[in-house]
Amino acid sequence: KKMPDKSADAEDLDLVIRETKRCAAIIRRLLDFAREKTPEKKFADINRGIEDTARIIERPASFRDIEIALDLDPKLPQVWVDADLIKQVIMNMLVNAQHAIEHEGSITVRSRLLPEPKSPEPGMETVPMVEISVIDTGCGIPEKNLKRIFDPFFTSKEVGKGTGLGLSVSHGIIRAHSGVIEVESTVGKGSTFRIYLPVEPPAGDAQSSRSKQ
């Protein structure tokens, strides 16, 4: 702050600050990945979490002519989740969607209660689930990368632009909720990420009663 504006010293210090913040962000992602925080679940309003997260992203997105639209089911039931961790997942999805759109485009976030129960994994009992979809009109993901995008440290971004941990951390969070995360993508047209979360806590959960929220 003491340096003259636009001086060489001020520019050098600005670079140091920017790179320090970038290093801090990478370390935070590494810690998130390594810790695998145990979710602290309770019944929460998923729509509200989506709205809060979209509000953070909306302004920087508008600077790039990216429209964010919400299509949220007003009758969506409350879901047994760690709301902060689910917000982190949605934030990762929205940030990735922004990066996939080079110029103007749109990102749509939808929520709904699945009309039929869904199984978290093949062979498991079906349970009522909600679906959160993040749909972008970005560059899309090549088919050869689709099976790798949730792998730790895998990224198609140029050096310095990503750690390859955002989707891996998101995948871990959803699995810790006994949920499912899927992706469909077409190069040049965009991608759709779908997150499925069980509505109710698993049988035998000590805090399964709504009265214990």
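At 41% relative accessibility, Asp-71 counts as partly exposed, a class that lies between buried (under 20% relative accessible area) and exposed (over 50%), as found with a 1.4 Å probe and protein chains only. The model is predicted, so that local features need pLDDT of at least 70 and side-chain atom pairs count only at pLDDT 80 or more, while totals for chains, interfaces and linings use all residues. Residues are numbered from 1 along each chain as its sequence is written, and side-chain values use heavy atoms, with hydrogens and water left out.

The structure holds eight salt bridges, a salt bridge being a side-chain nitrogen of Lys or Arg within 4 Å of a carboxyl oxygen of Asp or Glu. One of them joins the side chains of Arg-110 and Asp-71, with an N to O distance of 3.4 Å. This pair links distant parts of the chain, as Arg-110 is in strand E4 (residues 105-113) and Asp-71 is in strand E2, 39 residues apart. Strands (E, at least two residues) and helices (H or I, at least four) are DSSP runs, numbered from the N terminus. Arg-110 is partly exposed, with a relative accessible area of 41%.

A salt bridge also connects Arg-112 with Glu-131, whose closest N and O atoms are 2.9 Å apart. Here too distant parts of the chain are linked: Arg-112 belongs to strand E4 and Glu-131 to strand E5 (residues 129-136), 19 residues apart. Arg-112 is partly exposed at 39% relative accessibility, whereas Glu-131 is buried, with a relative accessible area of 6%. Both residues take part in a network of salt bridges that also includes Glu-184 and Arg-194.

Lys-87 is in helix H3 (residues 83-100) and Asp-52 in helix H2, so the pair, 35 residues apart, links distant parts of the chain. Lys-87 has a relative accessible area of 29% and is therefore partly exposed; Asp-52, with 23%, is partly exposed as well.

Backbone angles were also examined. Most residues other than glycine have a negative phi. Asp-65, which is not glycine, has a positive phi, near 60°. Asp-65 is placed in the loop between helix H2 (46-63) and strand E2 (66-72), and is exposed because its relative accessibility is 56%. Ser-178 likewise has a positive phi, near 55°. Ser-178 lies in the loop between helix H5 (166-176) and strand E6 (180-186), and its relative accessibility of 39% makes Ser-178 partly exposed.
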